[in-house]
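I opened the notebook to record what I looked up in this structure. The entries follow the order in which I checked things.

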Amino acid sequence: MTLPKDAELLGANSGELEIKGSGAHTLVRFSADGRRKLVASLTNTAAGSSRSRFYLLLENIRGANDASVLNVSVNLPEDSRPREHRDLMAGAVGLYGLRRASIKSNQHGGSGLTFVLDVTQILSELLATKSPNADVIRVSIVPQRHLQDSAGIVVARVSIVSIPASRVD
């Protein structure tokens with residue numbers, strides 16, 4: 001997946017994330033500049049002039065379990081299920097083709113799968129209810145069905161990027 005040249009990384013988690021059992025959570029930390037741009041853009045969006053869209057990237061997912069579907073939520077409370085907080089759900093991704101995309105000798109070079117989820121609305125609502133100075137968001141990745149520990153599903157990086165609204169349309 002290739003993002004537009006004017007896509008800008010605002011924040012990312014600190015390392016690979018293994019998904020097993022009932023799921024995993026990670027913190028996406030915004031850079032100081034990324035947080036400032038996020039707040040400025042979402043404040044302008046609330047005023048009616050959308051300047052950017054914000055996307056959550058699940059980058060280079062590798063593993064051997066093709067039949068999994070992962071629900072992705074932003075700031076899901078501890079011990080909650082995604083269906084209890086649909087307003088925080090960024091989306092669901094199907095890992096069909098994961099095994100093949102993870103093999104180093106095929107056309108993908110073993111880089112796995114990457115998914116992009118629009119989180120503009122979720123971040124806008126979070127900004128309205130939380131401190132605009134918060135520099136982290138919690139991303140929860142919960143499988144629809146419990147995963148065996150042997151599933152070996154790993155997300156190389158979870159990140160947030162902005163893309164100017166004019167590039168999205």
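How many salt bridges does a search of the whole structure find? I ran the search on the model, which is predicted, and it returned nine salt bridges. Side chains of opposite charge can pair when their charged atoms come close. I then went through some of the pairs one by one.

**Entry: Lys37 and Glu8**

I looked up Lys37 and found its side chain in a salt bridge with that of Glu8, at 2.4 Å from N to O. I noted where the partners sit: Lys37 is in helix α1, residues 32-46, and Glu8 is in strand β1, residues 8-12. The two are 29 residues apart, so I logged the pair as a link between distant parts of the chain.

**Entry: Glu16 and Arg62**

Next I checked Glu16, whose side chain meets that of Arg62 in a salt bridge of 2.8 Å, N to O. Which parts of the chain does this pair tie together? Glu16 lies in the loop between β1 and β2 (17-19), and Arg62 lies in strand β4, residues 52-62, so parts that are 46 residues apart in sequence are tied together. For Glu16 I wrote down 54% relative accessibility, which means that it counts as exposed. Arg62 has 26% and counts as partly exposed.

**Entry: Glu59 and Arg157**

I then turned to Glu59, which forms a salt bridge with Arg157; their closest N and O atoms are 2.9 Å apart. Glu59 is in strand β4 and Arg157 is in strand β9, residues 153-164, so the pair ties together parts that are 98 residues apart in sequence. I asked myself why Glu59 counts as buried. The relative accessible area of Glu59 is 13%, and the cut-off for buried is under 20%. Arg157, at 31% relative accessibility, is partly exposed.

**Entry: the chain as a whole**

I counted the elements of the protein chain and got four helices and nine strands. Along the sequence I read the pattern β-β-β-α-β-β-β-α-β-α-β-β-α. The chain has 169 residues, and 44% of them are buried. I took the contacts between residues at least 6 apart in sequence and found that 77% of them join residues at least 24 apart. The accessible surface came to about 9000 Å², with 47% of this belonging to carbon and sulfur atoms.

**Entry: Asn71**

I picked Asn71, which is found in strand β5, residues 69-74. Asn71 has 11% relative accessibility and therefore counts as buried. What is Asn71 in contact with, leaving aside its neighbours within four places in sequence? My list has Pro82, Met89, Gly91, Ala92, Ser140, Ile141, Val142 and Gln144.

**Entry: the largest pocket**

Last, I looked for open space. Rolling a probe the size of a water molecule over the atoms shows where empty space is left. The largest pocket has a volume of about 180 Å³. Its lining includes Asn65, Ala67, Ser68, Val69 and Tyr96. Gln144, Arg145, His146, Leu147 and Gln148 also line this pocket. I sorted the lining residues into four nonpolar, five polar and one charged.

Note on methods. Residues are numbered from 1 along each chain as its sequence is written. This is a predicted model: local features need pLDDT of at least 70, side-chain atom pairs count only at pLDDT 80 or more; totals for chains, interfaces and linings use all residues. Side-chain values use heavy atoms; hydrogens and water are left out. A salt bridge is a side-chain nitrogen of Lys or Arg within 4 Å of a carboxyl oxygen of Asp or Glu. Buried means under 20% relative accessible area, exposed over 50%, partly exposed in between (1.4 Å probe, protein chains only). Contact means heavy atoms within 4.5 Å. Accessible areas come from the Shrake-Rupley method with a 1.4 Å probe; for residues, only the protein chains shown count as cover. On a 1 Å grid over the protein atoms alone, a cavity is a set of points where a 1.4 Å probe fits but cannot get out, and a pocket is an open set with protein on both sides within 12 Å along at least five of seven lines; lining residues have an atom within 4 Å of a point. Grid points are joined across faces, edges and corners, and a volume is the space filled by probe spheres set on the points. Ala, Val, Leu, Ile, Met, Phe, Trp, Tyr, Cys and Pro count as nonpolar, Asp, Glu, Lys and Arg as charged, and the others, Gly among them, as polar.
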